[in-house]
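These are my notebook entries on a structure I examined. I set down each item as I looked it up.

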Amino acid sequence: MGDYQHHWKDGTPVHLPLGKIVCVGRNYAEHARELNNPVPDEPLLFIKPATAAVHITRPLNCPKDLGAVHFETELAVLIGRPLTHASASEVENAILGYGLALDLTLRDVQSQLKQKGHPWERAKAFDGSCPLSPFVAADKLTKGNLHFTLDIDGQRQQTGETRDMLNPVVPLIAHMSTQFTLLPGDVVLTGTPKGVGPLSTGQTLSLELEDVLFVETTVV
Ligand code: ZN
């Protein structure tokens, strides 16, 4: 932990510090349904600290004694310019790159927190709770629909299409910037499609974004 640094897909470092990871819950209707959650009327936001980030290609070392650790595969957006109360065009100009992330979630802990009406950090913000892939420069990807997948041990588990987001990337980030200033190096996680589930030791996870990014990791 603690030695995370953003990288481009070609292995060169991105010379920006990671400050925070701003996330959205229930941004795909079918995922909200699979956990019996209502679709929120405004984006459900939470933050993971920089200490949550780890390189996704390192073996995933999850808490063992706190119940189920769920994977949530999400499109990650690397922010390149400060954003406060940003317009859509300011957001578009601030998106430096795209990658993939796992929003690792202690699901049993989260259920207990939800019942009590408590914040989610204990379930979402632990060290290592945000494995991040290298990033692909934004201009290398279409501005239209982006497609991403997660396979576990060769079986398709999750398929994401950004056109299915309840809050698409640009308006989502614009909204986030009305609540929290985003700084260069911050990352936005855009929510998970359906198909989440528990990790178990020995699994191999393969994540793919379009045909431009492929990463693999194992659970230890
Ligand atoms: Zn998530």
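I counted as a polar contact a pair of N or O atoms within 3.5 Å; within protein, one must be able to donate a hydrogen and the other to accept it, and residues adjacent in sequence count only if both atoms are side-chain atoms. The model is predicted, so I noted that local features need pLDDT of at least 70 and side-chain atom pairs pLDDT 80 or more, while totals for chains, interfaces and linings use all residues. Residues are numbered from 1 along each chain as its sequence is written, and side-chain values use heavy atoms, without hydrogens and water.

Entry: Lys20. I found Lys20 in strand E1 (residues 20-25); strands are DSSP runs of E, at least two residues, numbered from the N terminus. The Lys20 side chain makes a polar contact with that of Asp186 at 2.5 Å, and one of its polar atoms lies 2.7 Å from the backbone oxygen of Thr181. I recorded Lys20 as buried, at 16% relative accessibility (buried means under 20% relative accessible area, 1.4 Å probe, protein chains only).

Entry: zinc site. I listed Glu72 (OE), Glu74 (OE) and Asp103 (OD) as coordinating the zinc ion at 2.0 to 2.1 Å; donors are N, O and S atoms within 2.8 Å of the metal (3.2 Å for Na, K and Ca), and sites may look incomplete because water is not among the atoms. Glu72 lies in the loop between E4 and strand E5 (73-79) and Asp103 in the loop between strand E6 (95-102) and E7, so the pair ties together parts 31 residues apart in sequence. Glu72 is buried at 5% relative accessibility, as is Asp103 at 1%.

Notes. Helix = DSSP H or I, 4+ residues; strand = E, 2+ residues; numbered from the N terminus. Buried < 20%, exposed > 50% of the residue type's maximum accessible area, 1.4 Å probe, protein only.
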